[in-house]
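Below are some comments on aromatic contacts and on a surface patch. Please read them with the structure open.

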Amino acid sequence: MEISVIVPVYNMEKYLRRCMESLLRQSFLQREIILVDDGSTDGSGELCDKYAKLENITVIHQANRGLGPARNRGMEQASGKYVVFADADDYFGPELLKNLYEAVSGEEADLGIGGYTAVYPGGRTQAFCYTAEKLVLEKEAMGKLALNMAGSLPKDRLDSKYGRSVCAKIYRRRVIEEYALCFVSERELISEDLVFNLDYLGYAEKAVVIDDVSYFYCTNPGSLSKRPREDRFQEDCRLYRALEERFSAWCGKTEYQRYLQRFLISRARFDMMQRVLYLDRCGKKNLVKQTVKEILDCRQLQEALRDYPWKQLPVMQGIFAWGMKRKRSGFLILLIRLKQRFLPGNQNVTL
């Protein structure tokens, strides 16, 4: 078996068929699919059992433990040379596994990175491609790759140059097993994907980036990683501190500072947008200004903004960073609402 595709499932009955049908339509056939039912309370578990009757599909049922532990359980079951992760509410283009496999096997790389296409409510799509042509990165570039996953430099178009998620990537299983790599729980750190990627890059010898964007990332508000959380920015700040501690052990502050500043500034912008729009939808507009003010008053955020060259950012991101630095809560709320009204699908959704 060449590829093990691991799909954690929690109350995804509405979307699981679409995901599974896209996996079954893959042109690459040397694959197994491992469904991990993480204590679903809808019909997801029964649907997993139906798919498990097909060849090379396995289902594991467990009590609810969260996304990270579900992926860990899938990795224990995996037998493929490579591992690919998918979220049950997303789906694949028919050539994705083939393109990822040929990229890593052709270069004898430990990691393959693809782009993705964001699918917004209503069907509008936006592609995010990380490279115009195949890019091969050797061992000495792994540290820079890690920085560019966590964040990016001010002039970069995307907040994360190569994506923080484990989705739309392919990993050599031997590296995972040899170094006992696993996911932390999202209940411990909010971006278990990024932490796993950084751990993995500590042992990877080579990576390859391709121009494929056929992983379809659906902005489903019911997903654990995609729905708004009241404490999300506080959790992002905790992750920021953990990243700072990790990178400070690898390199000097002058090398990692701009990347982590971009990380925190982008998370503040994203979390603020999510909370404002969520409160608007729920008819709780009276809470909007206080919510924005709490984010803007964060000491870590204001320290990150203090000397940050916000004028170098893409235009809309730069304007937003200026508003955060000046603590213009009313301006930012207006900007968010105007953007939602006129450009609802034109946003930097960092996978």
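Is Tyr116 buried or exposed?

1. Tyr116 is buried, at a relative accessible area of 2%. This is a predicted model, so the value describes the prediction.

2. Across the whole structure, a search finds 19 aromatic pairs. In one of them, the ring centres of Tyr116 and Tyr130 are 6.4 Å apart and the planes meet at 55°, so the pair counts as tilted. The two residues are 14 residues apart and link distant parts of the chain: Tyr116 belongs to strand E7 (residues 116-119), and Tyr130 to the loop between strand E8 (125-128) and strand E9 (135-137). Tyr130 is buried too, with a relative accessible area of 11%.

3. Another aromatic pair, Tyr171 with Phe196, is edge-to-face, with 5.6 Å from centre to centre and 75° between the planes. It also joins distant parts of the chain, 25 residues apart: strand E10 (residues 169-172) holds Tyr171, and helix H7 (residues 192-201) holds Phe196.

4. Tyr171 and Phe196 are members of one aromatic cluster, together with Phe85, Phe183 and Tyr200. Arg71 lies over the face of Phe183, 5.2 Å from the ring centre.

5. On the surface, a nonpolar patch is formed by Val315, Met316, Ile319 and Phe331, with about 330 Å² of accessible area together. Helix H12 (residues 315-325) supplies the largest share of this patch, 3 residues. Met316 lies in helix H12 and is partly exposed, at a relative accessible area of 37%.

Note on methods
Residues are numbered from 1 along each chain as its sequence is written. This is a predicted model: local features need pLDDT of at least 70, side-chain atom pairs count only at pLDDT 80 or more; totals for chains, interfaces and linings use all residues. Side-chain values use heavy atoms; hydrogens and water are left out. Patches are made of residues with over 30% relative accessible area and no salt bridge: like charges are joined within 9 Å, nonpolar side chains (Val, Leu, Ile, Met, Phe, Trp, Tyr) within 5 Å. Accessible areas come from the Shrake-Rupley method with a 1.4 Å probe; for residues, only the protein chains shown count as cover. A salt bridge is a side-chain nitrogen of Lys or Arg within 4 Å of a carboxyl oxygen of Asp or Glu. Helices (H or I, at least four residues) and strands (E, at least two) are DSSP runs, numbered from the N terminus. Buried means under 20% relative accessible area, exposed over 50%, partly exposed in between (1.4 Å probe, protein chains only). Rings of Phe, Tyr and Trp (its six-membered ring) pair if their centres lie within 6.5 Å; planes under 30 degrees apart count as stacked, over 60 as edge-to-face and the rest as tilted. A charge sits over a ring if NZ of Lys or CZ of Arg is within 6 Å of the ring centre and within 35 degrees of the ring normal.
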